[in-house]
Each structure stands twice: as structure tokens, then as C-alpha cells.
Amino acid sequence: MKKWIILLLSIVLTFSLAACNQSDNGGSGSKDKTKISVLIGKPEVIGQFEDMVKEFNSKHDIEVTVIPLAGQNSYEKMTSLYASNNAPTIMMMASEFEEFHDKLLDLSDQEWIDHAQPGTLEFMELDGKYYGMPTTVEAFGFIYNKQVLDEAVGGSFDPATIKTRNDLKDLFDKVVALKGKNAIHISPMDWSLGAHFTNIPFATQSNDRDARHQFLQDAKDGKVDFAANEKFNGWLDTFDLMKEYNSDKAAPLAPQYDAGPLSLAAGDVGLWFMGNWAYPNIKEIDADGEYGFLPVPISNNPDDYGNSEISVGVPSYWVVDKSQSSEAQQKAALEFLDWMVFGEGQEAYIKELNFIPVFDNIETEPGDSVSRSVMDYMEAGKTLEWVNTYYPADAWPAMAAPMQKYLDNKIERDELFKDFAKYWESK
């Protein structure tokens, strides 16, 4: 009998020690980690974001996994994940809001609401409730390598000298006059051409917001004649100039995204049409270089609206799923979002992702030249609205297809505008 008692006590003690060890090592102890997922729509910073997530996971009772787009656009990815009952807990969302808003958690009671910069919350407002947290302020235009342009102009390059299309052509000519240099690299990705580059003719229709949005509504109502519109024609004239000086003119659809930061940072080209989100990629190649922004001039009148402005706006919002996520997951999602912008994740959020802060209580400031250039345009009031945020969710891939054909000289101008009209008339 004593032997059985001793054996039983040994078994009990063994299991108790094992349980303690599991608990101490973060295993299946008394408190399992809440698992949540994040769909990030910015492949250019996914490596830095994953590093942030690792840091968060190591210090919290929450396990965050990152879902990449994997070749799809955000709308396609969200649609497929919801259909398979695998909705991400957190998503980066913009124009998809119109279709997915009924699946999202109301975030109106969150602390960051009171600290958001003016004008950054309205897009995700519905019936007096807020459904998205602004990710950052972003800008796009021509990013330039100052070292290349300094050499081209024979001194210190001043971005204020480029106010017209002819100014831009003159700069292109000076760059190509340098040995082994090309003027510009054009990235042919659908999101760059269809969402960002097409924003310019919509945003420059008027310096009055109501007039711009009426033009967008007219486009949706099939009332816009793109082929007869002055802004669209001037914009395409500038694109023709870019095509002429494109570093990959022989095979314009061949470059992948990585070719852009590599060409610019290596000094092979002077300019690249892209946004400030690309700086982490540039920094990896040329950490000490100086870069900045140029507007995309669409006429030869220096006073025309848009010729001295760059496109600045909130590119996307963090949203939380309520339809397929548990209350515990929703709570964990809110904790992760707070950690990124108000907690220990703030430093990496600003310095590693190079996100320009949207909240007035964030003390960390961007230190890179690209972010400083964006902030200079903002402080000077020289910004264009991101009208593309108000596109239908399928607008930019629909416009990107003819843009890519036009870039590759497969269609003429009139065919491009016909394709645009056909899409917008279907809305």
C-alpha cells in the first residue's frame, strides 16, 4: 500500500512540475495568448511591420500574425478572406469602407479620437460614428535624389524652380546629360498608376473641395468627357514626357517595385514617381542620402493649381472586424493599435515604418529628409487632396489597366479616355 501511495504522489508531483514549467515558459499555462491577425496593405514596409509585431508579441498576452496581400489588392484579399470565414481581426482599409463598413467595430470611444489631426477622421465617419484609425499622412509625387540633381544643375538644386512641364523637361535633359544617368523611373504597378497617378487630374479640377467632389460625382454619373477635359489632357501630356525619358522605356511593364528604390538610391535616375512610404526601401540602400519631393506639373502656367502642390492625405485606416472576431480578439486588437501609436511601439511606427504622425500627442518626430519635405509642403499649404480615397473600390485597378497599355504604347490617347469613360459610366 505504501508503494502505491509513493507512486501516486510521484505522478502528481511530476504533473505539477510540468504544469509549472509550461506556465513559466509561456506554454499552455493558465493564460493562453489571444490570437489576432492583421492584414497590411503596404508590402513595402511589411518587413519592418513584422519586426514591430515580434516585439509586441514578446511582451503581451496577445499573439499577432501578419497577413500579406500576396499579389492581390486589398479589396480582393478582404473579399476572399471574408468569404472563407477567415476575416482578419485588423485591416488597413480605405475605399473598401463603403462595402465593408457593416462588418466593422465602432471605434468612437477610443482615446485617439480626441488627438487626431483635423480632417483625418471624416472619411471613416458614418452616422456620427467613427470606424477607422488613421494610419499616417502620406504624400506622392516625384521623389528626387538631391545628389543627382545637384550635379545636373551644377549647384544646390531648389525644388521651387520646377513649376511647369517645360521646367520638368529642362531638368530631365540636364540629368540625362550626365554620364550613365537616366531622368526618371516609372513603376508600372496598378496601384501606382491607377490610384496615385490618376489622383492628379481629379484633384486639380478645382481648388474648391465641393467642386472637386462634384466632378467626381459627375464622373460616376457618366457626365464627364475625359477627352475634352483640360486637366486630363495636360496630365497625359506630362505622362507622355515621363514615357519619353523613362529609364525602362524599352520594356516599361517589366520593372517590379524594388527596381524603383534601387535605381533612385543608386543614383541611376534622378526622379521616381512614388510616395514617402518608399523611404525605408531607399534608406536600406542609401542611408545617408538626401531626398525630397517635386510636384507633377500638368501645364506650362506656373500659377495653375497643382503645379506647385503634391498629393497629401490619409492613405488608409486601421479598422477592426466585428463580424467574425470574438470580443476577446476585438479587445486585443484595440490594445495592439494603442501600443503602436501611444505605447512602446510608437518609436518604430515613426522611425522604422516612416509613418508621419496623425495624432497631436505623439512626441516622436520623423527625422528623414523625405518626411521633412512632405511636412514642408504641408506647412506651406501646398497640398492636393487625395480624391482617390473616394473612388469606388474597383476604380484604380480598372483605370490602371488602360494606363499600363498606354505606358507600353499598346493604345492611343483616345482609347485610354474611352476606357476611362466606359468604367465611370458603369458606376
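**Figure 1. The second largest pocket of the predicted model.** This pocket has a volume of about 430 Å³. Its lining is made up of 20 residues. Nearest the pocket centre lie Gly119, Val312, Gly313, Val314 and Glu385. Three elements each supply at least two lining residues: helix 9 (209-220), strand 11 (310-313) and strand 13 (383-384). Sorted by class, the lining of the second largest pocket contains eleven nonpolar, five polar and four charged residues.

**Figure 2. The largest pocket.** The volume of the largest pocket is about 710 Å³. It is lined by 29 residues, and those closest to its centre are Gly41, Ser74, Trp191, His196 and Trp396. At least two lining residues come from each of helix 3 (74-83), strand 3 (90-93) and helix 7 (190-197). Helix 7 gives the largest share, four residues. The lining of the largest pocket has 13 nonpolar residues, ten polar residues and six charged residues.

**Figure 3. The largest cavity.** Rolling a probe the size of a water molecule over the atoms shows where empty space remains. The structure holds one cavity of 30 Å³ or more. About 50 Å³ of space lies in the largest cavity. Its lining consists of Phe140, Gly141, Ile200, Leu294, Pro295, Val296, Gly306, Glu309, Ile310, Ser311 and Leu384. Strand 7 (138-145) and strand 11 are the elements that give two or more residues to this lining. By class, seven of the lining residues of the largest cavity are nonpolar, three are polar and one is charged. Strand 11 also supplies at least two residues to the lining of the second largest pocket.

**Figure 4. Side chains of strand 12.** In a regular strand the side chains alternate between the two faces of the sheet. Strand 12 covers residues 317-320. Tyr317 and Val319 point one way from this strand, while Trp318 and Val320 point the other way. Are these four residues buried or exposed? Tyr317, Trp318, Val319 and Val320 are all buried.

**Figure 5. Strand 12 and its pairing with strands 3 and 6.** Strand 3 and strand 12 run antiparallel and are joined by four bridges. Within this pairing, the bridge partner of methionine 92 is tryptophan 318 in strand 12. Strand 6 (residues 133-134) also runs antiparallel to strand 12, with two bridges between them. Here methionine 133 stands opposite tryptophan 318.

Methods: Residues numbered from 1 in each chain as written. Predicted model: local features only at pLDDT ≥ 70, side-chain atom pairs only at ≥ 80, totals over all residues. Heavy atoms only, no water. 1 Å grid on protein atoms, 1.4 Å probe; cavity = no way out; pocket = protein on both sides within 12 Å on 5 of 7 lines; lining within 4 Å. Points joined across faces, edges and corners; volume = space filled by probe spheres on them. Nonpolar A, V, L, I, M, F, W, Y, C, P; charged D, E, K, R; others polar. Buried < 20%, exposed > 50% of the residue type's maximum accessible area, 1.4 Å probe, protein only. Pairing = 2+ DSSP bridges.
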